[in-house]
Amino acid sequence: MKRIYVNEKWCLGCHLCEYYCAFANSGKNDMVKALKNITINPRIRIEEHNNVSFAVSCRHCEEPLCVKSCITGALTIKDGVISVNSDKCVGCYTCILSCPYGCISPSDQGAIQKCELCVKNAGGSPACVKGCPNKAIEWVER
Amino acid sequence: MPIDFLYPEYEVIRDNTRCITCRVCERQCANEVHHYDKELNMMFSDESKCVVCHRCVSLCPTRALKIVKTDNTFKENANWTGDAITEVYRQAGTGGVLLSSMGNPKPYPIYWDKMLINASQVTNPSIDPLREPMETRTFLGKKPTKVEYDQKGGIINNLTPQLDLKVPIMFSAMSYGSISYNAHESLARAAKELGTFYNTGEGGLHKDFYKYGKNTIVQVASGRFGVYKDYLEQGSAIEIKIGQGAKPGIGGHLPGAKIVGDISKTRMIPEGSDAISPAPHHDIYSIEDLRQLVYSLKEATNYKKPVIVKIAAVHNVAAIASGIARGGADIIAIDGYRGGTGAAPTRIRDNVGIPIELALASVDQRLRDEGIRGNVSVVVGGSVRNSADIVKAIALGADAVYIGTSALLALGCHQCRSCQTGRCNWGIATQRPELVRRLNPNIGYERLVNLVHAWEHEIKEMMGGMGINSIEALRGNRLMLRGIGLNEKELSILGIKHAGE
Amino acid sequence: MLREGEVRIPAGCAISGIIAKDGEKFNGEDIIKSISVMRDRSNGLGGGFAAYGIYPEFKDYYAFHVFYDSTKAKEDCEAYINKYFETVSMSKMPTRQMKEITDEPLIWRYFVRPLQYTLFQKQVAEDEFVFQSVMFINVNIDGAFVFSSGKDMGAFKAVGFPEDVGEYYRLEEYEGYCWTAHGRYPTNTPGWWGGAHPFAMLDCSVVHNGEISSYDANRRYIEMMGYNCTLQTDTEAITYIIDYLVRQQGMTYEDAASVMAAPFWSTIESMPKAQREKMTYLRNAFASMLITGPFSILVGFTGGLMALNDRLKLRSMVIGERKNKVYIASEEAAIRVIQPDLDNIWAPKGGEPVVIRVNGGAL
């Protein structure tokens, strides 16, 4: 299965992936309209220390702890993609506590949010990958 | 001093209705042009620091940025131009030599653009490269004057070492130090993939790149940095650099600040010491001295590698080339006055040397007049901008071309001409790790390969149009060129007729 | 109007050749008949023939056929010949007056041999000296043009249709073992007899149909080797290349063909090692003598004939065989008209030389 891989060697810490992610999941058709004058809450986050930086987003684990821990069955894994049904999510945040990578976060709409590889939005393929200027984020089969 | 104030030549224009304050411009500008004001939640820029490298423009996700030429002007004067006045102020303020990067930008004639290429109509057919073989393979090196047969009538291979190129395009010398590790890796990998060569320049060869040796030309220049036995043996050819088109008659200077880590190791000089290449080779004060160096290098490598001698195109280039051809060199590389550089004195870059087109035409003709064109191959560089320039160069008589600036552009260079600052935002002409990282060789090498493939396709199309299906039949085929807007003298030097003749 | 040599004139053409493998001699009637069938391929602006074995009585002497524009040119040229050569016979070229052939120059024929003393003094081989002398006359003696200079062979050419040219030169009176012919279709009017084909140097004569795209690359390289391309024609350049490769470099005609119409690299890669190395060597070492663009040529030489097409076969050429004779022509019709019953007929592949040697090369 194609997965997102991040190579810290090429990550520039430019944070563009965060903005492309936020835009892709905004449901708006214009980046300015979507992101102007807001603090973005993306599903991918750059972690930085000294001169090392890299982007962190859901690993789509084969045996996902978040899915196991979800008390309502809102998190499911299908064809290797872990996605959330926000109608079922009660916002208990157990998944956030159980994710070893810290890849799940509260959503602005009350439920939780996580990377769903842009399968549900208009992007079709991960927007962070397309937007990375240095191919530090790749969506490939390995 | 207020007279030292110079209004920035370019202005950064930000469309605040589009700016989403993502701050990528701020993070990506090594010159610190942009900053974010938290109170106003707005981005601001200081164009006096801007070098016009377009990194921010290219990365801005909402196209909120553009760079424009300022309309601030001195009182207009065709003689005392804004540049001329500014330069006086700068020198009066500093007392220093003006430095510049990249090639001569002045509006001298570009002869490539004054030559037109032929095509077949009726009397002989054009050839479709998609349907018929179209050959660009080129061998560089001395050709034998006499074919020798053994007793059984078989041909004895009496060829001296040759370079075998799939396409007649090579990457010209750019040292590790002047450009980054990642830029070098991109060039080396692309050369391997393309079946051609890149050139180490005068900076030694990083051990990581020994594995690309079959596609490497190692350079020996006046500072002899990084030259030792292993180095000579790694490459497929050795280039003696006498001069460079951007700064004929001038040496080089890589500031100590750039001599760090691997660069110091590769150049074999202490960290932090300036790498100064003398103007001449101090063991070459004459043509016979050059001959000795050529043969020393051949001797050191068991006569297994062709030796290239690279010179800048200067007034007497034809006679010099003839001397080199008789001096044992296998290949002569000529660099025109528009050739690029990491740093050169501005006055030299802009006023010394001659156009490569004229130099090539006169060298090729002189070598033929003397019957020694077969002694050497001729490689030209110094602003080869596209495939048509290459076709014209080969038709004038070149065996192959060197591309430097075009290769850097493929890697992302935006010709901001600030290489000497060491703050290249594209990760090319810099040694700062956080900037070098910006050039991912996986991307870089692919872009170089794309560029050369694209040019190769175009060369084949143009050859096919002329009814030529192998590059050697184009070499020196000046009937395939016509001049446009050239005077009799220019036409006679180029050895071509005027359009309509 | 500029004369041939002052301007480069492209031309389309017809070619034809006949050779007797056993050396049997025959007169010029067949070759005239053959080339006349392809009248559409010429336009009356040039025709010519080469014949081998026609001067047995003077076979040790170089036969110079010379065009003169004036008696002054003739005097100058003869002064030069007399200075360096022994002349055993000289005469006006036998011709037939006819209305189709006009504007004729003075045409003279000399049977000559370089003086031994001259060769000794200049330390050159006999053929090299003859070559240099022909070059000298053609370049330096205004109005004189040596258009044939081999032993026991001759070229005959003029402005006109080839069949008229054959009649004009009374070719039915000559007998040779090999004949080639050429009808020319230049794209503008050269109006000068020297520009007609064949082009001959020493005993090598070339008739050519095509327009090579490598011309200036070839010309500039061969001129470096001391040749002087005064006519600016493909045929002249090709002849000099052959002279350089065969006479100066000592190559076989087959190897020379591998240089001029070299196999593609893709073909070379699939050859057995020894052949691959040889072809790679030839293509590399003699790269500037690769000829591209359309051509079909017949190369006459003492004791043989070579037919060669460009490597893409962009010009027609067929070969027929009947008993001891081999016929080669641009069109099959030009063979059938003189020999309807053929044992064998085929079109050689592009770049594949067909070399016929009289008595297997024993002549």
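Predicted model: local features only at pLDDT ≥ 70, side-chain atom pairs only at ≥ 80, totals over all residues.
**View 1. The open sheet of chain B.** Eight strands of chain B form an open sheet with parallel pairing, and their order across the sheet is β11-β21-β20-β18-β17-β14-β13-β12. Strands β11 and β12 (198-199) of chain B stand at the edges, where each has a single partner strand, so one side of each is left without a neighbour in the sheet.

View 2. Strand β12(B) is joined by two bridges to strand β13 (residues 216-220) of chain B, and the two run parallel. In this pairing, Y198(B) stands opposite T216(B) in β13(B). Helix α7 (residues 287-300) of chain B packs on the sheet, where it touches β13, β14 (237-241) and β17 (307-312) of chain B. The direction of helix α7(B) makes about 145° with that of β17(B).

**View 3. Strand β21 of chain B and its two partners.** Strand β11 (residues 169-171) of chain B runs parallel to β21(B) and is joined to β21(B) by three bridges, with I169(B) standing opposite V401(B). Strand β20 (residues 377-381) of chain B also pairs with β21(B) in the parallel sense, over two bridges, and here V379(B) stands opposite A400(B). From strand β21 (residues 400-403), A400(B) and Y402(B) point one way while V401(B) and I403(B) point the other way, and all of these residues are buried.

**View 4. A β-α-β unit in chain B.** Strand β20(B), helix α11 (residues 387-396) of chain B and strand β21(B) together make a β-α-β unit, which is right-handed.

**View 5. The two domains of chain A.** The domain assignment divides chain A into domain 1 (1-57 + 118-142) and domain 2 (60-114). The C-alpha centres of these two domains of chain A lie 19 Å apart. The contact between them takes eight residues from domain 1 of chain A and 10 residues from domain 2 of chain A. On the side of domain 1 of chain A that touches domain 2, there are three nonpolar, two polar and three charged residues.

**View 6. The contact between chain B and chain A.** This contact takes 16 residues from chain B and 16 residues from chain A. On the side of chain B that touches chain A, helices α1 (24-28), α13 (433-436) and α14 (441-466) of chain B each supply at least two residues, and α1(B) gives the most, with three residues. By class, this side of chain B has seven nonpolar, four polar and five charged residues.

Note on methods: Residues numbered from 1 in each chain as written. Chains lettered and ligands numbered in written order. Buried ≥ 20, exposed ≤ 12 C-beta atoms within 10 Å, placed from the backbone. Helix = DSSP H or I, 4+ residues; strand = E, 2+ residues; numbered from the N terminus. Pairing = 2+ DSSP bridges. Right-handed = clockwise from strand over helix to strand, strands pointing away. Domains from an automatic or database assignment. Contact = placed C-beta atoms within 7 Å. Nonpolar A, V, L, I, M, F, W, Y, C, P; charged D, E, K, R; others polar. Axes fitted to C-alpha atoms, helices over the stretch in contact; angles between N-to-C directions.
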